[in-house]
Amino acid sequence: MSHMDRALSLARRSLGAVSPNPSVGAVIVKDGIAVGEGCTQPPGREHAEIIALQEAGASSEGATLYSTLEPCNHQGRTPPCTAAIVRAGISEVRIAALDPNPNVAGSGVQALEEAGVQVRVGEGEKRAKLLMEAYLKYVAEGMPFVTAKFAMTLDGKIATRTGDSKWISGDKARWEVHGLRRTSDAIMVGINTVMADNPQLTARDERGKPRDRQALRVIIDSKGRIPLNARMISEPGETLVAVSTATPETRESLEKAGFTVVGAGADDGSVDLTALMRHLAGEMNITSLCVEGGASILGSLFDHGLVDKVIAFVSPTIIGGGDAPSPVAGRGVELMSDAIKLERVKWDRFGRDMAITGYC
């Protein structure tokens, strides 16, 4: 494993726990040996480079720093990392990717070079940007990076005609979903999914216990129909209910039960998903959102061009039935030429199931 590979591995550790900051990994190398390493801590605490410098101590003098992202050069919640790097005597910094944040945007490299530090950029850039895909969109557009996740049978069904859907995918695929929840800032489902399944929507560890850190649960529920005793309300983490036509009395009842209520009404009485996305990013610092259903919510997101990435688990199972639901509803397209064609597609196997991942 190269030193940049190690830095990228460290960056993965913090995914889902440091937003709206990017998850960064850093390794300090002296005479070919790693003497310090670190990954981004939650907002307000140390960046990856600072953790690595603290661990390396005096060994930082004349050493090389590998970082998955350009070090910051501005005073935010924490002091600039560039100043600490220069003070420590680092002689060379190797950066996987430049930071598009206007507060950084090349100024980190400039500050280091002006201080006499040699800087190289580009090693591991593609992998670094893949790890930071949510952060990159958040900075560029002020919107969360949206992943549409669903499980379906080989004939494209998400449940039988009676609504039975447990379980389409196997254990290995379901554990992969828990990993996806762990690395997401928020999870979204529609009220129909809640009413049908009463899900917990938590990320769990190998023993089946909820993890300490949970993604924000977002429920699209225009009328505020979610049961006040829904299972998720007793789970760790926060649950937000997005409403449009819910009465003031309904909103008050939901808030008393422990839900966070946000109004985002569209002209047709539905929840304005675009406005909700902007609220999640702008007011709640949500950079990544995993949408787990149902079909109407996924369909609306695709119709409005709000989906960035798709992860579809396909089980080698046949349900059949003309009335059995499929994963994506909405208006859809009229012509095949207008169909959404995923790019950068890859296939992964989880037990008997296949996961198809691609970008819109």
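Which residue in β14 does K309 stand opposite? K309 stands opposite Y359, and the strands concerned, β12 (309–315) and β14 (353–359), pair in the antiparallel sense over 6 bridges. Strands and helices here are DSSP runs numbered from the N terminus, of at least two residues for strands (E) and at least four for helices (H or I), and two strands pair if DSSP finds at least two bridges between them.

This is a predicted model, in which local features need pLDDT of at least 70 and side-chain atom pairs count only at pLDDT 80 or more, while totals for chains, interfaces and linings use all residues. Residues are numbered from 1 along each chain as its sequence is written, and side-chain values use heavy atoms, with hydrogens and water left out.

**The sheet of 9 strands**

β12 and β14 belong to an open sheet of 9 strands with mixed pairing, in the order β10-β9-β8-β7-β11-β6-β12-β14-β13. Its edge strands, each pairing on one side only, are β10 (260–263) and β13 (343–350). Neighbouring strands are turned by 20° against each other on average, direction ignored; angles are taken between N-to-C directions of axes fitted to C-alpha atoms, for helices over the stretch in contact, and run from 0 to 180 degrees.

| Strands | Sense | Bridges |
|---|---|---|
| β6 and β11 | parallel | 4 bridges |
| β7 (186–190) and β11 | parallel | 3 bridges |
| β12 and β14 | antiparallel | 6 bridges |

Within β11, L289 is the bridge partner of V146 and also of A186. Both faces of β11 are covered, with S288 and C290 on one side and L289 and V291 on the other, all of them buried, where buried means under 20% relative accessible area, exposed over 50% and partly exposed in between, with a 1.4 Å probe and protein chains only.

Helix α6 (residues 133–141) has E133, A134, Y135, K137 and Y138 as its buried residues. The helix lies across β6, β11, β12 and β14 and runs at about 135° to β6, and the elements covering its buried residues include α5 (125–131) and α10 (273–284). After α6 comes G142, whose phi is positive, near 65°.

K137 is also among the residues touched by L306, together with M143, V146, L273, T274, M277 and L301, not counting residues up to four places away in sequence; contact means heavy atoms within 4.5 Å. L306 lies in the loop between α11 (295–303) and β12, and it counts as buried because its relative accessibility is 8%. The C-alpha atoms of L306 and T274 are separated by 7.5 Å, although these residues are 32 apart along the chain.

Another open sheet, of 5 strands with mixed pairing, has the order β2-β1-β3-β4-β5, and its edge strands are β2 (33–39) and β5 (118–121). The twist averages 15° from one strand to the next. Helix α1 (residues 3–13) packs on this sheet, touching β1 (25–30), β2, β3 and β4, and its direction makes about 150° with that of β1.

Helices α2 (residues 48–56) and α3 (residues 81–88) pack at an angle of about 20° with their axes 9 Å apart. The contact is made by E49, I50 and L53 of α2 and by C81, A84, I85 and A88 of α3.
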